[in-house]
Amino acid sequence: MTTAQPASSKEGVKAFLLKHGLDLGGTIGDGLIWEAPVKIFHSAHVAGAEIGAYSYISPRTEIQHAIIGRYCSIGDNVNMRGSAHPKEWLSSHPFPYTNLYSHSRKYRPPFTFEGYGKRTQIGHDVWIGSRAIILPGVTIGAGAIIGTGAVVAKDVPPYAVAVGNPVQVVKYLFEPSLVKRLQQSEWWTYDLPKYLEQRPDVPLDDPEQMLDFLARHGADIPRIETTRKSYSRQSNKIVVRSLQAAGT
């Protein structure tokens, strides 16, 4: 299904996107895909990215070429954009593989570079602290925490706490047996905020009790709808399309 809205005013566009589950305070570009609900705070910019349900992007954060899971908390001033540059070529500048100056230079770039536009993978329930820099192509596992100001140049395992420049894993949130249970439960497929409207007594503050609760009552908890929406701008219209479910 495709719906469109004239881009007549900023407030009109925001109201239109909110109906599709995107609470937009910042700015977005073509190529954004999301599961409802998602919140992008003021002064943040997101383009060419996928964002899972219940994730939010804090102010002054820049995200491009990333896939972000559900229930993720992305702090303020986080940089998750750009691309790798060739280190062995004549120049590390991107002019051989992309023409950034097409308004004045009409050449066709003769090369391709596999690091250009490399996608960053952020698992479910990841918390990225303020001012962190996530380099292109990195994978951060589910449940991981990235410390304030960290520079992430390598993959981070699930449920790890990683800090520093360059980032180093300093500990894990839980014992391996509990990490395994959390991953196997795929609890992020559940629409827990919706369930809390009926059952506010859910033991969310105790992971083991919560996993036991899911084992007993999981069939009664609604699942997150896997319908995804995409954003694009065509002429003077904002276009939102419903996409086929991508699973979890």
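Predicted model: local features only at pLDDT ≥ 70, side-chain atom pairs only at ≥ 80, totals over all residues.

Trainee: Which residues of helix H4 are buried?

Mentor: The general idea first: an α-helix has 3.6 residues a turn, so residues three or four places apart point the same way. In H4, which spans residues 207-217, the buried residues are Met210, Leu211, Phe213 and Leu214. Viewed down the helix axis, the buried residues of H4 lie within an arc of 155°, so they line one face of the helix.

Trainee: What covers the buried residues of H4?

Mentor: The cover includes helix H2 (176-185) and helix H3 (192-196).

Trainee: Which residues touch the most other members of the largest nonpolar core?

Mentor: In soluble globular proteins, nonpolar side chains tend to be buried together. Here the largest nonpolar core has 40 residues, and Leu17, Ile40, Ile128, Ile140 and Ile146 touch the most other members. Elements giving two or more residues to this core include helix H1 (10-19), strand E6 (45-51) and strand E20 (237-243). Another core, of 19 residues, lies apart from it, and Phe213 is among its members, as are Tyr159, Val179 and Val202.

Trainee: Is Arg108 buried or exposed?

Mentor: A relative accessible area over 50% counts as exposed. Arg108 is exposed because its relative accessible area is 77%. Arg108 sits in the loop between strand E10 (79-80) and strand E11 (120-122).

Notes:
Residues numbered from 1 in each chain as written. Heavy atoms only, no water. Helix = DSSP H or I, 4+ residues; strand = E, 2+ residues; numbered from the N terminus. Buried < 20%, exposed > 50% of the residue type's maximum accessible area, 1.4 Å probe, protein only. Arc of directions from axis to C-beta. Contact = heavy atoms within 4.5 Å. Core = buried A, V, L, I, M, F, W, Y, C linked by side-chain atoms within 4.5 Å.
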